[in-house]
Amino acid sequence: MQRRDFLKASALGMAGAMVMPSVASAATKSAGKQSKNSKINLGFIGLGQQCMYLMSSFIEMDDVQVVAGCDVYDIKRDRFEKTVTEFYQGKGYKKCAPAMYENYEDLLARPDIDGVVIAVPDHWHAIIAIAACKAGKDVYLEKPMTLTVYEGKQLVKAVRKYNRILQVGSMQRSSEEFIHAATMAREGELGKIHKMEAFVGRWEGKPFPVPHNFPAQKPPKGLNWDKWLGPLPETVTYFPDINPLLDEEGHENCWGAWRWYKPSGGGYMTDWGAHMFDIAQWMVGKDLSCPVDIIPPGYSYYKNLTYRYDNGIEVEETEFDEHGQGVKIYGDKGWIAVHRGLLYASDPKFEMKNAGKKDGPFESCAPHHRTFIESMKSRIDPNVPVEVGHSSCTMCNIGIIAGELGRPLVWNPIVQKFMDDDEANKLMHYQYRAGYEKLLEV
């Protein structure tokens, strides 16, 4: 693609080269019932801090109506209902209050809901997204797309079987600085690419998840802990920061700490790796693939986790500068480093004009959410469709597995399994609690 076409496709979310015929030709019932002047009805599942950012973006769109919310924690349902109601009252709407649910199945059963925004903890992503596909809903799904490789494979099947639109919340793909960096790399401006560095962050000094070994505490009144736990083993116990309380102004005092611990999350590897490894794959045209070699930190002379693609390009997970999470890509003509709101390069000709931080939280500023709505209308895949979300998430997870085993692994991205390594392949999923495995059936 020419640069202008690439930028246009990236910004609008119309990844034409990746459109699946089944989606492009689908005249689904939920899309067909909408006229150009009607509103798209959205329901939100998982009403924590991330949801509130997302909702604040979607609710401002003239062609979107926020009609329902769902969470297993009553204080978050109350906050969502109050916020949405007050917004629509301020607009003079007669019908202001969204319907509120504790069970996601009840929200999905509503025939008037066209799409759902899913921002639940990672271990629920696949189950609820698959259920939404079966219910005929389009899906905006927070990253990482799934918690395990197997879940991702099942969700890909579901999206294509039921002809749904799914947009993964890898919103850096819709941000100007990342679009520019990827354009420079993909158009050959940096020359032949030989290496990338991606920094995802640290928890207790590691990018990997740490053991969940908290003594059991009593969950607060109003939190349905069994429903929150879902498929996770009962050995995952409640502790305050796993699902934080709200302060007097209705805000969490921290991000939900479930993300840092195994098995409820993947640490920084999935929390920020789903952003930074996603950009790295995009830069070198490996969206529907993955590295073939994974070397854990501390093995031989490798200080940090290192990936290698079949074309020899290496990706090292390392803090390459003082600006935090980001990606740096090296070619034989120069390099570019990119972070949220910041881009700099070895030569000014690689830099972009007017680069700088935008006002407001990044989660609610990127045009990524608009891309989802336009894709719902056009029935054309967005800029991060399910297959891309799956490959980026797989890169995170195979890195975690290599770190857990402490030895190099060989991955086959075509058949999506480790080569001649039963021990590693068994770690691509975990044992669900009784009754939950069937929810992944497609």
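This is a predicted model: local features need pLDDT of at least 70, side-chain atom pairs count only at pLDDT 80 or more; totals for chains, interfaces and linings use all residues.
I looked up the strand order first. The sheet is open and has nine strands, in the order β15-β14-β13-β7-β12-β11-β10-β16-β17. I noted that the pairing is mixed. Which strands stand at the edges? They are β15 (342-345) and β17 (417-418). Each has a single partner strand, so one side of each is left without a neighbour in the sheet.

I then checked β10 against β16. Residues 293-295 form β10 and residues 409-412 form β16; the two pair in the antiparallel sense, over two bridges. What stands opposite Asp 293? I found Val 410 of β16 there.

I turned to α12 (residues 273-283) and α15 (residues 386-405). Their axes come within 9 Å and cross at roughly 110 degrees. An angle of 65 to 115 degrees counts as roughly perpendicular, and α12 and α15 are therefore roughly perpendicular to each other. The crossing of α12 past α15 is right-handed.

**Entry 5, the contact.** I listed the residues that meet. From α12 they are Gly 273, Ala 274, Phe 277, Asp 278 and Gln 281; from α15 they are Val 388, Ser 391, Ser 392, Met 395 and Cys 396. By class, I recorded five nonpolar, four polar and one charged residues in the contact of α12 with α15.

Key
Residues are numbered from 1 along each chain as its sequence is written. Side-chain values use heavy atoms; hydrogens and water are left out. Two strands pair if DSSP finds at least two bridges between them. Helices (H or I, at least four residues) and strands (E, at least two) are DSSP runs, numbered from the N terminus. Axes are lines fitted to C-alpha atoms, for helices over the stretch in contact, and angles run from 0 to 180 degrees between N-to-C directions. Angles under 35 degrees count as roughly parallel, over 145 as roughly antiparallel, 65 to 115 as roughly perpendicular and the rest as oblique. A crossing is left-handed if the near helix is turned anticlockwise from the far one by less than a right angle, and right-handed if clockwise. Contact means heavy atoms within 4.5 Å. Ala, Val, Leu, Ile, Met, Phe, Trp, Tyr, Cys and Pro count as nonpolar, Asp, Glu, Lys and Arg as charged, and the others, Gly among them, as polar.
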